[in-house]
Amino acid sequence: MSTATDQSTEHPSDQPTDLADEELQWHGDQRRIEVIEAISVSAMARRLPQLVVRAVKLGWQVDRLAVAALLGCLLLSAALGAAGLYATTGTIAAVFGPGRVADRLAHAAPSIAVIATAAALRAVLGIAIRASTVYLSPRISREASAAVLRATVATELTAYDRAGYADELEAADRGAEAAVDVIGEAQNLVSSVGSLVGAAGVLTVLHPLLLPLLVLAALPQGFASVYAARVQFLANKATSGDRRILLNLRWYIHQKSHADQVRSDTMGTFLLDKYELIGRRLDVTTRRAAREGARVSVLGAAASGLGTAVVWLVMLYLVSTGRMSLPRGGAAVVALGAVGSALRGIVGYGADLFRTGMYLDDWSAFLDKAGGHALHRGPALPERPTRIELKDVSYGYPSSERAALDAVSLHVETGEILALVGENGSGKTTIAKAIAGLYLPDDGAVLWDGRDTRELDPHALWQHVAVVPQNYARWPLTARENITLGRAAPDGDEAVVRAAAASGADEVVAKLRRGLGTLLAVEWMGGEELSGGQWQRIAIARAFYRDSGLLVLDEPTAALDPRAEHKIFANLREVARDRAVVLVTHRLTNVAVADRIVVLEDGRVIQQGSFDELVAQRGGKFRELWDLQHDRSGVPAQRETRAGQLN
Ligand SMILES: Nc1ncnc2c1ncn2[C@@H]1O[C@H](COP(=O)(O)OP(=O)(O)OP(=O)(O)O)[C@@H](O)[C@H]1O
């Protein structure tokens, strides 16, 4: 193994000074925006029937009976609407017809009865339709969100390192939220189409010229509405990155974990200024879209207004020239009103549904490919590992041009502690994640008992893994659940207590008001909060509790006091008895516990050996780091002397 290489270190001052600072820009999917821009308005209008089918399918997955009832009610309501309208025209014809008033009223009585019955039944059906929609909508949205969550946990971890993934995920989430409207909008559209069909039939019977004219009159407004919806959607898409940055800035300002630094570092105004700046950037696009939408809507409304005037003129012409009788003319006025309102409904609800459909596209695109990072590994089920080997493993993060790992080879076996050492950014955490099957290498292989992790079922593999990462999760759960993570033993807390004792978490739990049953989240139902070190003890306990063949500890004691740290390392040999342990740490005194130490630099292994071997290797990287960690040249002489006396 070669010793430390003579790498020249890049210094910030070596970099070109004429480069502008990078601005906060979210990496969205520009390609998708271009695809949407290329869609024509007529193609968008043709999508509406597909969207209705999609809404029905979504509802069908959630509750078939409710959807069937909804469709039945819609059909019946449309039929009753047509019958009512037909009866209305009959009533008008009878009332305005020749003969005595009493006779005309008697003649109109059956039609009036039909109108009243149809109106009453439609009112009842309307209530049933609304109830079904209200009942189905949140369930559809929840199911859509759950589908995103399922897809999210089934993606490769590396997806999160790719610029644009977060944007796709957010778009999918928004699509799932928008799904709450889809059934209502589809239902409104179908109702309007039903009313249109009924009223159009009646109008055609009265005079065949009126319907085509009315449809022509409504078309400009229809196109304008769909176009405006498209403009709004594109603007939303174009600003989604900035909106996401704002969301993140809000998070940074709100978060309890940052609240002290927002104050002590006087970050409030500074971050708020950035917030304002990005908000203004966002406003430019939004304002442009609002203007464009309004301009097109005005043009559409004007054209449709003109068209409607033509229809009325034609009506007047037909009646005044005797081509249509007066009673029929009266009936046509009513039918025209019904057709007009149905057309306006189709246009308005169609535009709404179209916009929701575009959000749903984001949702389904994410589900189809999970950002191109869906877990597609082999189906083989691994046993508890006894030997894990990295063979010439290279790995580069998607967003980085530099390789994080370069032809790394090493191994670790059950009963062994392997320590990874190196300067910041040398690749320790990346190796730990590759060993744990969280990253698949670009080149080379990670072998679990000779089997490539690419061939192994990832979820089955992770059953054999316990990790204490640098940023461990502080789950808003009870102390017990924070240790068992859903794997509670049915016969009591014995194993939990053992794991807590081994990690020092027992002392933390002893002080909690309900022991293991205490909720660890002040924000949730007023639970208790722990200190950083106390949380770290819980995180270690959860790894010890998991009876896994591989234990990865990434800076596991960074927040621990000396006594707690000593306890962990004193117990580690015992913990490693039936596990392979990978330890990442900068505290070199602690790595003496390891059987083998691998020293990394710039993603390459530059030294391997036992603690004694590496310390003895003068001029080697490990020895250099060791000497630096024990260098006390910055300590004032009298304090150094005093420390020496104590030693
Ligand atoms: N999510 C990421 N996306 C892009 N590059 C990353 C990512 N995480 C790490 N890197 C890069 O990969 C290299 C190795 O990082 P890694 O976290 O493995 O280093 P490390 O040795 O664990 O560092 P530290 O001692 O600071 O924890 C670094 O150059 C880092 O910039």
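Two strands are taken to pair if DSSP finds at least two bridges between them. Strands (E, at least two residues) and helices (H or I, at least four) are DSSP runs, numbered from the N terminus. The model is predicted: local features need pLDDT of at least 70, side-chain atom pairs count only at pLDDT 80 or more, and totals for chains, interfaces and linings use all residues. Residue numbers start from 1 along each chain as its sequence is written.

Strand β1 (residues 387–395) pairs with β2 in the antiparallel sense over 6 bridges. I388 has V412 in β2 as its bridge partner. Both strands belong to an open sheet of 4 strands, ordered β2-β1-β4-β5, with antiparallel pairing. Its edges are β2 (405–413) and β5 (451–452), each pairing on one side only. Helix α10 (residues 428–435) packs on this sheet and touches β1, β2 and β4 (443–448). Contact requires C-beta atoms, placed from the backbone, within 7 Å. The direction of α10 makes about 125° with that of β1. Axes are lines fitted to C-alpha atoms, for helices over the stretch in contact, and angles run from 0 to 180 degrees between N-to-C directions.

Helix α10 also gives the largest share of the shell around the ligand, 3 residues. Of the 13 residues around the ligand, Y397, A404, N424, T429 and T430 come nearest. A residue counts as near if its C-beta atom, placed from the backbone, lies within 6 Å.

Elsewhere, helices α3 (residues 64–96) and α4 (residues 101–153) pack at about 160°, with axes 8 Å apart. The two are therefore roughly antiparallel, a term for angles over 145 degrees.

How values were computed: Parallel < 35°, antiparallel > 145°, perpendicular 65-115°, else oblique. Contact = placed C-beta atoms within 7 Å.
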